[in-house]
Every structure is written in C-alpha cells, then in structure tokens.
Amino acid sequence: MTLVVTANIAGQTRGEPVRLPDRRRRRLFTIVARHKPPAGRRFIVSVHRKGETFLRPTDGSVRLRANWSRTLVGPDDVVLVTEVPLGRGIASIGLAIASIALIAVAPYAAPALATGLGLGTSAAAISSVQAG
C-alpha cells in the first residue's frame, strides 16, 4: 500500500504518515492534490520506489510539477512531501545571523545588562537576564 509522508527539510516527519487503503497504482497528481501542505507553503514532492530510503529527497527521486500527471505511483512506493522553510529572501537570512550572534554574546553581556537594568550584580539577577 502506498505510503504518503510529510516532512520538513531536516527529515523530521510532520504528522502521521498516511497509508492509502488499496493496492492500485495512482497518478502522482491525485496523491499530491489530496495530501499537499496548506496554501502558501512551498513543497517538494519525491517518489521513492520499493527498497529505497526516504528520509530526504534526492536528485533521482524528486518529481517536477510538470511530470506529476505522467508519474505513476505503485502500491509499494513512498511519496515524500517535503515542506520548504518560509524564508523570504535576505531579511530572513539577516534575522538568522542576528539571532545566532545574540546567542553567542548573551553570556558575556548579561552582567552589564543586569547592572544597567538596576537589578544588581547578584548571581540570580545575572542568570535571570541570561534566561530571558
């Protein structure tokens, strides 16, 4: 029976895999129409044949939208729908770099922030600033 799995780009499954009930062959277009992510989400569809690992899409398993109507999925195949992150260009990259920098600097900046906020230099005040 065909298995439909939705995952993120890191290979972590999202929700429960869906096992299609009967053992007939289907067109990939009909499977994607019923099991695609919500509107506005970008995704990649890959078909993994019997015996292949299906953790992440590979160059040989990814199917382009133009070929969905011509691709037949057998009863022992796995259809992997991989959701792509919602990043919107350079702004999301800048935010990711800024958050990583903040994580790296936070332990060193916590004493200065605690004193600046009037909390004092006690260990409890510093740890509360670091936790925040």
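**Notebook: aromatic pair, sheet and salt bridges**

I looked for aromatic pairs and found that the structure holds 1. Rings of Phe, Tyr and Trp (its six-membered ring) pair if their centres lie within 6.5 Å, planes under 30 degrees apart counting as stacked, over 60 as edge-to-face and the rest as tilted. Phenylalanine 43 and tryptophan 68 form this pair, which is stacked at 6.1 Å centre to centre with 20° between the planes. The pair links distant parts of the chain, 25 residues apart: phenylalanine 43 in strand S4 (residues 43-48) and tryptophan 68 in the loop between strand S5 (62-63) and strand S6 (72-73).

I note the basis of the entries: this is a predicted model, where local features need pLDDT of at least 70 and side-chain atom pairs count only at pLDDT 80 or more, while totals for chains, interfaces and linings use all residues. Residues are numbered from 1 along each chain as its sequence is written, and side-chain values use heavy atoms, with hydrogens and water left out.

I then checked burial (buried is under 20% relative accessible area, exposed over 50%, partly exposed in between; 1.4 Å probe, protein chains only). Phenylalanine 43 and tryptophan 68 are both buried. In strand S1 (residues 3-8), 6 of 6 residues are buried. Leu3, Val5 and Ala7 lie on one side of S1, and Val4, Thr6 and Asn8 on the other. Helices (H or I, at least four residues) and strands (E, at least two) are DSSP runs, numbered from the N terminus.

I turned to the sheet, where two strands pair if DSSP finds at least two bridges between them. An open sheet of 5 strands has the order S2-S1-S7-S4-S5, with mixed pairing. S2 and S5 stand at the edges with a single partner strand each, so one side of each is left without a neighbour in the sheet. S1 runs parallel to S7 (residues 78-83), joined by 6 bridges, and threonine 6 stands opposite valine 81. S1 pairs with S2 (residues 18-19) in the antiparallel sense over 2 bridges.

I last looked up salt bridges (a side-chain nitrogen of Lys or Arg within 4 Å of a carboxyl oxygen of Asp or Glu). The structure holds 5. Aspartate 76 meets arginine 23 with the closest N and O atoms 3.5 Å apart. Aspartate 76 lies in the loop between S6 and S7 and arginine 23 in the loop between S2 and strand S3 (26-27), so the pair ties together parts 53 residues apart in sequence. Arginine 41 and glutamate 83 also form a salt bridge (3.5 Å, N to O). Glutamate 83 is buried at 15% relative accessible area, whereas arginine 41 is partly exposed at 27%.
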